[in-house]
Amino acid sequence: MRVENLSVRRDGQLVVDGVNFELLSESDTALVGPNGAGKSSLVAAVLGLLPRQKGQVWVLGHPLGPAGELPHSVRSQIAYLPQTFALQGRFPLSVAEFVAFGFDPPGPRLPWRNRSKRHEAVLVALARTGSSNLGAKLLSELSGGELKRVLLAFCVVRPRKLLLLDEAQAGLDAPASEQFQELLLQLRRQEGWTVLQVSHDLEMVRRSCDQVLCLNRYLRCSGPPTHALSAKSLAELYGPNVVAYQHQHHG
Ligand SMILES: Nc1ncnc2c1ncn2[C@@H]1O[C@H](COP(=O)(O)OP(=O)(O)OP(=O)(O)O)[C@@H](O)[C@H]1O
């Protein structure tokens, strides 16, 4: 993915201003910045879900159209996990049914076609994400950690190239968050995904991402974590009162 001079306006305010970046194939890039910095707006705009005020975006070599259009063949390579995924009450959709939706590329869906292949792919996806015991449960009955694993099962049920995650670990406790990140890393390597993930977990970003984009309306800094998350960069991004915490590894 390549983004040139991207600006996004919301309610008359410029919330993303002149942003440039590139995601290298099979890399893991984190998008960090304070609340309201424009991270979710940027992700929505590069997917064509939010209008751009200006700028060009190329997804897997294809230009994003003026109204966010992409060919089906490109859209089918993308998975997007939004920040919120609200299911009220006992929404009547099982985990296995939900993951099965991920099997069919965008476009007209013919549920009777590929039925046995789809069923097999769902079982494999659930197994690969440690969710085999959840297939018959309702999606609305899952815990936060279970739901995140099932969302990854949705992503892995057929091959894709690009994965965009908006605060996928929000609401998870520390062990669940760690497990989710490990699973994501494992699947990314196996599938060859290119990942862009919005995160507030700077320690996780330091440990597992190749590139960091520091956003606060415009791109304040970018590069490998050692550079982009230095004390100086963090002070510029979050203000001088943020303490840059770094694990010291001994031995
Ligand atoms: N639906 C909306 N309508 C109008 N303005 C919005 C909407 N959603 C967000 N904004 C505004 O756009 C700006 C950027 O918000 P955005 O959600 O992109 O930031 P963020 O960096 O993802 O924040 P957070 O870390 O809190 O999720 C904020 O000023 C916010 O108030």
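Reader: Which residues of H4 are buried?

Author: This is a predicted model; local features need pLDDT of at least 70, side-chain atom pairs count only at pLDDT 80 or more, and totals for chains, interfaces and linings use all residues. Residues are numbered from 1 along each chain as its sequence is written. Buried means 20 or more other C-beta atoms within 10 Å of a residue's own, exposed 12 or fewer, partly exposed in between, with C-beta atoms placed from the backbone. In H4 the buried residues are Arg-118, Val-122, Ala-125 and Leu-126.

Reader: Within what arc do the buried residues of H4 fall?

Author: An α-helix has 3.6 residues a turn, so residues three or four places apart point the same way. The arc uses directions from the helix axis to the C-beta atoms. The buried residues of H4 line one face of the helix, because they fall within an arc of 95°.

Reader: Which residues are exposed on the other side of H4?

Author: The buried residues of H4 pack against helix H3 (95–101) and helix H5 (144–156); contact means C-beta atoms, placed from the backbone, within 7 Å. On the other side, the exposed residues are Ser-116, Lys-117, Glu-120 and Ala-127.

Terms used. Helix = DSSP H or I, 4+ residues; strand = E, 2+ residues; numbered from the N terminus. Contact = placed C-beta atoms within 7 Å.
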